[in-house]
Structure formats: structure tokens, C-alpha cells
Amino acid sequence: LNSIGIVTFYLTYLLCLMLGITCVALVAHWNYSYRGGFAWDGSVKQFNWHPVFMVTGMVVLYGNAAVVYRIPLTWGHNKLPWKLLHAGLLLLSFVLSVIGLCAVFDYHNANHTANLYSLHSWVGICTTALFTAQWVMGFTAFLLPCTPTTARALVKPAHVWMGGIILVLGIVSCISGINEKLFFAL
């Protein structure tokens, strides 16, 4: 990759980072200003945490974690710090996603609403399950020093491929969830 390609990569990455932050800010603003705000008391205000945490975790942090390991700055250097940053961002993404799921499940249970009643909820829970399996497999294959190099080489293509699929599923889940909420609200 030449210097123009590297500059283009970083400018595109910066644009995506700004769009991600804007997306989280707009989802938080939507839920705060137009959906009544936030609380953790079983009310609709508790539900409002769900889209904020899921967009932040499953789209913004997950997407950044996928890219951070591939940036040109890492080429030809020790990969361990970048692997740890990749795994750490994904772990934070996972934690926020679990908190987002707790918010919606607690809200549904407090209001005697069925859980997992829509396509959005099933795509979302399957995405989170795949993400969990992917994180555990990635940790086992790439961060445990006892994992043989041949096993890492065998797992890597599936890990990269599944990471992309999970990111797309996370985006699909977020878009379908926001559309579902707007449909119910209107």
C-alpha cells in the first residue's frame, strides 16, 4: 500500500469513527429527548438503554475492534498489543451488549411482555450468541500462548469471515430494532 492509500485509509477510518460517535449520540438523544429519558426501574425509560448499549456495543465498538487489528500502523510490528486491544474492545462491546440485553429483558419481565417475540429479537439474540462463541474461540486460538500455530492458521480464515458476518448481523439487528420501535411508537 502506498502513502496515498494509507492516508486514504486513515481519513476513511476517521470518517467512520466520527459517524459511529454521531450515531451513538443521536440514538442517545432520540431516547432522552423523544422517548422520555433513562432509568433502571422497569419502566419504558429502562428499555431506552437497550438501543444505546446495543448500537454502541454491536456496531460502533465491534466495528472499531474489527478494524483496529488491520490498520497500517500495525504492519511489521509486534502484533500482541494490537491483539490485546482488539480483544479488549470486543470484550467491552460484549459487556455493553449484555447490559443492553439485561435492560430489555428486565423491562419485558417487569411489564409481563413476552421476550423474543419478533424477528429483531431473534436475529439479535442469535447475533449475540455467535459473538460470544466468536470471542471465546478467538481468545482461545489467538491469545492463549499454548495454542499451536497450526491451530491458529486453521482458525484464522473462519474467525475473520465470522467476524464480518457478526458485524453485518449486528447492524441488521440495530436497524430492525429501531424500525420496530418506530413502528410500535407510530
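Which residues does Phe131 touch, not counting residues up to four places away in sequence? In this predicted model, Phe131 is in contact with Met58, Tyr62, Leu90, Ser93, Phe94 and Ile166.

**Annotated domain**

- The UniProt record, an unreviewed entry, places the feature "domain: Cytochrome b561" at residues 15–186.

**Nonpolar core**

- The largest nonpolar core comprises 16 residues. Those with the most contacts inside this core are Met58, Tyr62, Trp82, Leu89, Leu90, Phe131 and Ile166.
- Helices α3 (49–68) and α4 (80–110) each contribute at least two residues to this core.
- The largest share of the core, 7 residues, is drawn from α3.

- Gln46 is part of helix α2, which spans residues 44–47.
- Gln46 counts as buried because its relative accessibility is 2%, and the limit for that class is under 20%.
- Its side chain reaches the backbone oxygen of Ala103 at 3.4 Å.
- Leaving aside residues up to four places away in sequence, Gln46 touches Ala39, Trp40, Asp41, Cys102, Ala103, Asp106 and Tyr107.

**Aromatic rings**

- The count of aromatic pairs comes to 10.
- One of these pairs joins Phe9 and Tyr10 in an edge-to-face arrangement, with 5.4 Å from centre to centre and 80 degrees between the planes. Phe9 counts as partly exposed at 26% relative accessibility, and Tyr10 is likewise classed as partly exposed, at 32%.
- Tyr32 and Phe38 form a stacked pair, with 6.5 Å from centre to centre and 20 degrees between the planes. Tyr32 counts as exposed because its relative accessibility is 57%, whereas Phe38, at 25%, counts as partly exposed.
- Tyr32 and Phe38 also belong to one aromatic cluster that includes Trp49 and Phe53.

**A charge over a ring**

- Lys181 lies over the face of Phe47, at 4.3 Å from the ring centre.

How values were computed: Residues numbered from 1 in each chain as written. Predicted model: local features only at pLDDT ≥ 70, side-chain atom pairs only at ≥ 80, totals over all residues. Heavy atoms only, no water. Core = buried A, V, L, I, M, F, W, Y, C linked by side-chain atoms within 4.5 Å. Buried < 20%, exposed > 50% of the residue type's maximum accessible area, 1.4 Å probe, protein only. Helix = DSSP H or I, 4+ residues; strand = E, 2+ residues; numbered from the N terminus. Contact = heavy atoms within 4.5 Å. UniProt positions renumbered as here; feature names shortened; annotations may be inferred. Polar contact = N/O pair within 3.5 Å; in protein donor to acceptor, adjacent residues only side chain to side chain. Phe/Tyr/Trp six-rings, centres within 6.5 Å; stacked < 30°, edge-to-face > 60°. Lys NZ or Arg CZ within 6 Å of the ring centre and 35° of its normal.
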